[in-house]
Amino acid sequence: MKTILAVETSCDETAVVIINSAKQVLTHEIFSQTEHKERGGIIPEIASRAHMEHLSNLIKSAINKSNINFCDLDAVAATSGPGLIGGLIVGTMMTKAIAHVTQKPFIAVNHLEAHALVIRLLYEVEFPFLVLLISGGHCQLLIAQDVGKYIKLGETLDDSLGEAFDKVAKMLNLNYPGGPLIEKLAKKGDGTRFKFPRAMIKRSGCNFSFSGIKTSVKNLVQKLKMDEQDVHDICASFQECISDILLDRVKNAIIMAASLNIKIKDLVITGGVAANNFLKGKLKKYINLNIFSPPSNLCTDNAIMVGWAGIERLKRNYIDPLNFAPRPKWELENY
Ligand code: KG4
Ligand code: ZN
């Protein structure tokens with residue numbers, strides 16, 4: 001059995017896990033930075049300072065609570081990209097220092113791979129499977145062929161889906177992060193009232209574009225006096241629009257996989273926006289694949305997914321050198 005300590009610092013969550021290959025999470029310590037809430041978005045400088053402040057205490061606490069020693073670990077892992085460079089440096093350097101002192105292997109985890117693989121901690125999902133990765137930083141459709149082996153079928157040409165949720169929420173004077181609030185308010189809204197543009201729909205391929213929808217919501221908000229019901233209806237209509245786009249793109253992904261002679265049985269919906277039950281419900285209703293999604297605490301950023309990706313890589317002996325430099329941009333395809 002293998003046990004590893006893993007660290008996540010790529011955005012605004014500082015998190016540490018100790019996890020083993022028997023799928024046991026010994027401890028998961030997570031500190032979510034709330035400063036960004038008041039500012040309506042993530043300020044990279046503040047985020048990296050907060051990681052600096054909290055990471056070593058979280059590591060100490062994880063070691064104490066799991067009742068193990070550094071010498072009991074088989075490896076250490078960190079999210080080394082993609083993400084905000086300040087946070088990536090803090091997490092990667094700290095983890096490499098532990099690897100150096102304890103003489104344990106170091107594993108540089110790609111944050112996107114962590115989102116894609118965490119499902120295998122929970123369910124027996126075998127390769128190859130389709131991944132709809134919808135988060136605050138990314139929006140992609142991928143085929144996961146194996147650990148470290150991915151084909152990107154399409155991605156957003158502008159905003160990520162989480163960004164679109166957060167920006168629309170801001171226009172509606174809702175707090176950051178806006179995704180969960182939009183989902184909540186949409187429940188009392190009429191999703192057929194406003195027709196936002198379904199960008200890319202009916203086009204070939206799997207790319208996405210959300211900037212037109214954002215502009216369309218902005219224009220509407222400027223026109224309306226906006227009472228409470230309007231806000232609910234905008235939230236519901238926005239989600240309706242997004243779900244139509246996701247549906248269209250996933251259907252194309254299935255066609256593309258077939259044209260590559262890759263037989264797909266399973267779709268994994270993951271990343272922060274995958275916490276949205278309305279979007280998942282729509283895909284489950286109309287897509288003829290087994291659909292898997294992690295629970296919401298494993299959809300949004302956490303260290304459990306990084307630890308699990310580390311375990312999957314360690315099992316295959318994918319170890320990285322201690323001079324591995326964090327990569328703010330890091331495509332999964334060239335992993
Ligand atoms: O994966 P994540 O924690 O961070 C990145 O790796 O980017 O995703 C955060 C994003 C935020 O934009 C947040 O608004 C969105 O996930 N989000 C949601 C929901 N919960 C979180 N979006 C829509 N509906 C939700 N329930
Ligand atoms: Zn993420």
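The crossing of helices H9 and H10 is right-handed. The model is a predicted one.

**Helix pair**

- Helix H9 covers residues 228-259 and helix H10 covers residues 277-286; the two pack at an angle of about 40°, with their axes 9 Å apart.
- This angle makes H9 oblique to H10.
- On the H9 side, the contact is made by Gln 239, Glu 240, Ile 242, Ser 243, Asp 244, Leu 246, Leu 247, Val 250 and Lys 251.
- On the H10 side, Phe 278, Leu 279, Lys 282, Leu 283 and Tyr 286 take part.
- Sorted by class, the residues in the contact of H9 with H10 are eight nonpolar, two polar and four charged.

**Sheet**

- Five strands form an open sheet in the order E8-E7-E6-E9-E10, and their pairing is mixed.
- Strand E8 (149-155) and strand E10 (290-292) are the edge strands, each pairing on one side only.
- On average, neighbouring strands of this sheet are turned by 25° against each other, direction ignored.
- Strands of a sheet pair through backbone hydrogen bonds, in either a parallel or an antiparallel sense.
- Strand E6 (residues 129-134) pairs with strand E7 (residues 139-146) in the antiparallel sense, over six bridges.
- Within E7, Cys 139 stands opposite Ile 134.

**Helix H9 and the sheet**

- H9 lies across E6, E7, E8 and strand E9 (266-270).
- Relative to E6, H9 runs at about 150°.

Definitions and conventions:
Residues are numbered from 1 along each chain as its sequence is written. Chains are lettered from A and ligands numbered from 1 in the order in which they are written. This is a predicted model: local features need pLDDT of at least 70, side-chain atom pairs count only at pLDDT 80 or more; totals for chains, interfaces and linings use all residues. Side-chain values use heavy atoms; hydrogens and water are left out. Axes are lines fitted to C-alpha atoms, for helices over the stretch in contact, and angles run from 0 to 180 degrees between N-to-C directions. Helices (H or I, at least four residues) and strands (E, at least two) are DSSP runs, numbered from the N terminus. Angles under 35 degrees count as roughly parallel, over 145 as roughly antiparallel, 65 to 115 as roughly perpendicular and the rest as oblique. A crossing is left-handed if the near helix is turned anticlockwise from the far one by less than a right angle, and right-handed if clockwise. Contact means heavy atoms within 4.5 Å. Ala, Val, Leu, Ile, Met, Phe, Trp, Tyr, Cys and Pro count as nonpolar, Asp, Glu, Lys and Arg as charged, and the others, Gly among them, as polar. Two strands pair if DSSP finds at least two bridges between them.
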